[in-house]
Every structure is written in structure tokens, then in C-alpha cells.
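Please open the model in your viewer and keep the selection tool at hand.

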Amino acid sequence: MSGRRKNIAETDQEEKKELGGSLAKKKLPTEECSGRNDCNGALSNAQFGFQKGKGINNAIFTFTEFILNSKDNKNQTVGLFLDLSKAFDTVDHMILIQKLQWFGIRGLAKSWFVSYLSARQQFVEIGSMKSYPTIMKSGVPQGSILGPILFLLYINDLPSRITQAKTILFADDTNIVFNALDKNNLQEKINETSRQLEQWLASNRLKLNVSKTVCMYFSQKQLHGSIEILLNNTGIKDVDCTKFLGIWIDSNLTWESHIQFLTDKLSRLCYAFRVLTNITPKELLRAKLNSLAKKTNNCKSYKDGNISDKIWRATAEKLSKTETAILRNGLTERSTAANVDSDPAVASTSANQQPENSEECPNEMSQSPKPLPPRKKKRRKNNQDK
């Protein structure tokens, strides 16, 4: 079951023709944003998503640098990891048009955006059956070039509303970090920021998923239970590790949780590659391993950001062993899949793996499975042994 929408590119061209050829030739402000780093200075420096020259590495580096500097200054630090419910689908069109006008989009350009956002329809198609079309009253068109840019402009004023803490944004992934010299001052900053955040969410008609929003204490002093964070009259759960922009972060910034996550993932791939050696060409397996190596190599870029190179060394060593085990003999001396599946050690390895999209902290998962058993070498018979 899937929802279908109008072809966005065709819709854009039709609307441009209707509004006149002059608009089709004119470059819209949001089109200029797609080729710039920050929409000509319009976007907040706290936003790292959907921009040329910025990415996840920059956001994580900024986050860890702020925490490490706070620790060096002996400040007490708390991180708040927000989860917005369907942020892209709940963007209010009227509020978005008002914000576009504030950015200087007026007149004919504003009329174009009003036409672009309004009267969009969506329906569900199953085989030859179609549901009745429903007009989309909120949300930005996903899968389009303008969709992400419009969302960035919609959420752009959040960091300026948070005055007592540092805000780090990657599209809708929002992180707020508090620091203070003493516990009382820290609690005051948290209370004021909670009030500002609730007010901003209400005025922009965005909803916060409180059950998936967590906080983490990065201070050397024990703050568990002594600091209270309330959002929508609900206490926020404090955790020792959480996933932020694809990286598992723990309260001590040791990166052991992320190392454990990558090790478990590579162990799963080790079993999968062992089975695939029987049915997959050598070139395809090598291409997949090269792709995996590129993803693992991303950890190396964090070394310059005061992040321990344990991540790189641990994952690179595991990946190297996996590649060697598969490509050395696995592709030339193929064993049958039945022998692999019947191996009790290998079967237990696959059964003990946690799902890749699990939200449970890797340190709290079951004990890491043992590596795959080595292949048994067949002893050649010698005529002298007779």
C-alpha cells in the first residue's frame, strides 16, 4: 500500500506557466539556497542539514567540542535529545507562508509558493483500486528539491528562541545542551529553556514525542535524580547512552557503545557473507565490502574532533579480518550453504544478533556473539600414510 502524489517537477512547470513566463525565468530565493551554504546567510549557524559544505560530521564535532570544553571549564553539562513527531508532515502552510514573507519572498514569488503548497492531493492505490483523493493541509512535499529547504526555513528561528542553551540541528533532529557552574543555575536554565521550547512548538504547531525524548548527564558529578526536566508536564527520562545522528553516544564520551554497535553489525555481515559466498560472484562481494569500508572510514574523520581513534581501529581491524576470511579462500573453495547453516556455532552467532534498527543501547545488549569458526582444512592423503 503506497500513497501517490502528483509529479512534483511537472506540477512546478505547470504552475510557473500559469503565473507567467517572467517567474519561470526568475530565480526564486529558495532556488538560490540550494546552491549556497546557508541561503545567503539566512539560515542559522546551528543548522547542519541539507546544506552544501555541512553534514553530520560537523554537527557531531560541534556537539562533542561543546561538551569537552564545558568539562575543561568544570561546568556541569546536560544534553537534551528531542524527537519531533512527523515534523516534515506537520508543517503548517499558513505559518510557512508567513515565514517566507519574513525572509523577503513577496508578491509574485509568494503567490507561486501559495499555489505550490495548496490543494495538493494524495490517494492510496492497491492494484486497480484507488481511494478518494485527500487534500493535504499540512506538510512540505517530500522527494522534492524545495521540500527540505522549506522545512529548514520553517524551523530556522528555533535556535534564536532558545537563549539559555546551545542548540544543534540537523534538519528535524534537535539537540539542546545546557551547562552551568552549579546545579541550581543549571536547573534554572533548564526550566527557562523548557518554557521557551514548549512555547515555540505550540506557536509552530509541531508536536514533541516525549516518550522518545531523552536527556543525558555529561558531568563528572552525579546529577541523576537531582536535576528535573519537564516537557508538557512529563518528566524526561535520563539515559547513559543514546543514538544521535547515527552515532551511539555515552555519558563519558568513551565511544565504547558505538564500537560495540559496529562490532555486532560486522559480525552479522560476517555470517551473511559466509552464506553469500556460495551464490554470489566474487566481484559483487568485493564491491559490497568496499562500500562497507567507506562507511566505516567515516569514523576516521572524527579523530580530528577529539574523538578517540578506538572506533576507527576497532572497526577497521574487524573489517579487515572479515574481508580476508571471505576473499582469501571463501570465494575459491566454496562450501555449501547447508554446511554453514548446520554449524551450531554459526547458527548461534546469527540467532544472538540484535536487530540493526534496535534503539537499545549496545552496552545493554546481550553479550557479543563469538566470531565464526575457522574453516576446517582437509588433510591430503599421502601414499606413505598407507
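Two strands count as paired if DSSP finds at least two bridges between them, strands being DSSP runs of E with at least two residues and helices runs of H or I with at least four, numbered from the N terminus. This is a predicted model, in which local features need pLDDT of at least 70 and side-chain atom pairs count only at pLDDT 80 or more, while totals for chains, interfaces and linings use all residues. Residues are numbered from 1 along each chain as its sequence is written, and side-chain values use heavy atoms, without hydrogens and water.

Select Val-214 first, and opposite it you will find Lys-237 in β11. Strand β8 (residues 214-217) pairs with β11 in the parallel sense over two bridges. Widening the selection shows an open sheet of five strands in the order β6-β7-β2-β8-β11, with mixed pairing; its edge strands, β6 (166-170) and β11 (237-238), each pair on one side only. Next select helix α9 (residues 183-203), which packs on this sheet and touches β2 (76-82) and β7 (173-180), a contact meaning heavy atoms within 4.5 Å.

Now select helices α5 (residues 93-102) and α7 (residues 146-155), which pack at an angle of about 80° with their axes 9 Å apart, the axes being lines fitted to C-alpha atoms, for helices over the stretch in contact, and the angles running from 0 to 180 degrees between N-to-C directions. Because 65 to 115 degrees counts as roughly perpendicular, α5 is roughly perpendicular to α7. To see the contact, show Ile-95, Leu-96, Lys-99 and Leu-100 of α5 with Leu-150, Leu-153 and Tyr-154 of α7.

Note on methods:
Parallel < 35°, antiparallel > 145°, perpendicular 65-115°, else oblique.
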